[in-house]
Amino acid sequence: MNKTIEIHRDDEASKTGMWLFLFTEMLLFAGLFVVYTVYRFRNGTAFHLAAHELSVTVGTANTIILLISSATIAMSITAIQKNNKKLSLILLFITLTLGSLFLVNKYFEWGHHIKDHIYPGSSILALRGQGDVLFYGLYFFMTGLHALHIIVGMVFIGVIARLIIRNKIDSGNFVLLENSGLYWHLVDLIWIFLFPLFYLIT
Amino acid sequence: MEQEEKHIIPYRTLIIVLGILITLTLISVLVTQISLGTLTVAIALLIAAVKSSFVLRIFMHLKFENRFLTSMVIAVILIISAVIFITLLDYIYR
């Protein structure tokens with residue numbers, strides 16, 4: 001029998017669907033950015049002073065970590081297209097390691113604030129006034145939601161790596177890897193805006 | 001349905017883009033350390049916008065996608081910018 005069975009697959013549609021989902025994610029964060037901008041507009045001085053307490057060094061390090069992880073997952077797609085399964089897996093593993101590193105930094109960063117009694121609902125934070133409460137409320141919520149996206153992205157990439165190991169994803173069928181890459185890049189994209197808004201613009 | 005072969009981004013391009021992104025990050029950190037007032041906000045956001053265009057076009061492959069997808073992404077970005085812009089106008093001139 002020389003006839004190969006044609007399995008219908010529409011990569012274009014798969015990617016479009018992923019993008020539609022990413023649009024909803026963009027709108028979710030855009031809403032939060034609007035909230036941030038309006039509150040910043042109303043509490044300029046408090047936001048200015050509160051933002052000074054965030055570590056620019058840790059923020060910059062985390063930005064660079066995420067940028068590198070974005071490049072490695074993009075390279076992983078190139079590797080699978082060139083039929084280099086091993087390199088593709090190594091690059092995904094590096095991406096996952098960098099994602100964990102980001103979370104570890106975030107853990108210490110948050111831990112430092114929480115030790116200083118700065119967290120949503122803290123009575124000591126409340127004494128510092130409405131502006132600080134709003135700034136740190138938004139800081140914890142937005143970076144927390146972002147960190148949640150990092151965790152989801154890492155699970156997604158983990159599943160994809162498993163599929164590559166089991167040869168379900170190869171140089172002829174890698175749209176799932178591309179979609180996990182798109183998700184990871186979106187998480188990076190959101191951080192590109194979170195970083196200047198919370199750490200840099202003081 | 002005419003072109004079925006996929007576009008492959010060379011490793012070199014990805015590494016160059018990564019280099020540009022890291023450089024832009026460091027520039028934005030340095031620029032914001034110097035106090036330039038309201039200009040700081042504009043510069044930081046402008047650099048963020050440039051960075052995101054690199055991520056969208058190269059890492060997210062949009063430069064090589066069909067026009068349907070790219071125009072959809074542009075439309076969503078325009079809608080988001082319009083919402084932010086109009087909300088701000090409301091708050092500034094209320």
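Buried area is the accessible area, taken with a 1.4 Å probe, that two parts lose on being put together, summed over both. The exercises below apply to a predicted model.

**Exercise 1.** Describe the interface between chain A and chain B by its contacts, its buried area and its salt bridges.

*Solution.* Begin with the contacts, where 45 residues of chain A meet 42 residues of chain B. Next, take the area buried between the two chains, which is about 3900 Å², with carbon and sulfur atoms giving 81% of it. On the chain A side, Trp19(A), Leu67(A) and Leu200(A) lose the most area to chain B, and together they account for 13% of what that side buries. Finally, count the salt bridges between the chains, of which there is one; Lys15(A) pairs with Glu65(B), and their closest N and O atoms lie 2.5 Å apart.

**Exercise 2.** Locate the nonpolar surface patch and classify Ile86(B) as buried or exposed.

*Solution.* The patch, of about 670 Å², consists of Phe41(A), Phe85(B), Ile86(B), Leu89(B), Ile92(B) and Tyr93(B). Its largest share, five residues, comes from helix α3 of chain B, residues 67–93, the helix in which Ile86(B) is found. Because its relative accessibility is 54%, Ile86(B) counts as exposed, the cut-off being over 50%.

Terms used
Residues are numbered from 1 along each chain as its sequence is written. Chains are lettered from A and ligands numbered from 1 in the order in which they are written. This is a predicted model: local features need pLDDT of at least 70, side-chain atom pairs count only at pLDDT 80 or more; totals for chains, interfaces and linings use all residues. Side-chain values use heavy atoms; hydrogens and water are left out. Patches are made of residues with over 30% relative accessible area and no salt bridge: like charges are joined within 9 Å, nonpolar side chains (Val, Leu, Ile, Met, Phe, Trp, Tyr) within 5 Å. Accessible areas come from the Shrake-Rupley method with a 1.4 Å probe; for residues, only the protein chains shown count as cover. A salt bridge is a side-chain nitrogen of Lys or Arg within 4 Å of a carboxyl oxygen of Asp or Glu. Helices (H or I, at least four residues) and strands (E, at least two) are DSSP runs, numbered from the N terminus. Buried means under 20% relative accessible area, exposed over 50%, partly exposed in between (1.4 Å probe, protein chains only). Contact means heavy atoms within 4.5 Å.
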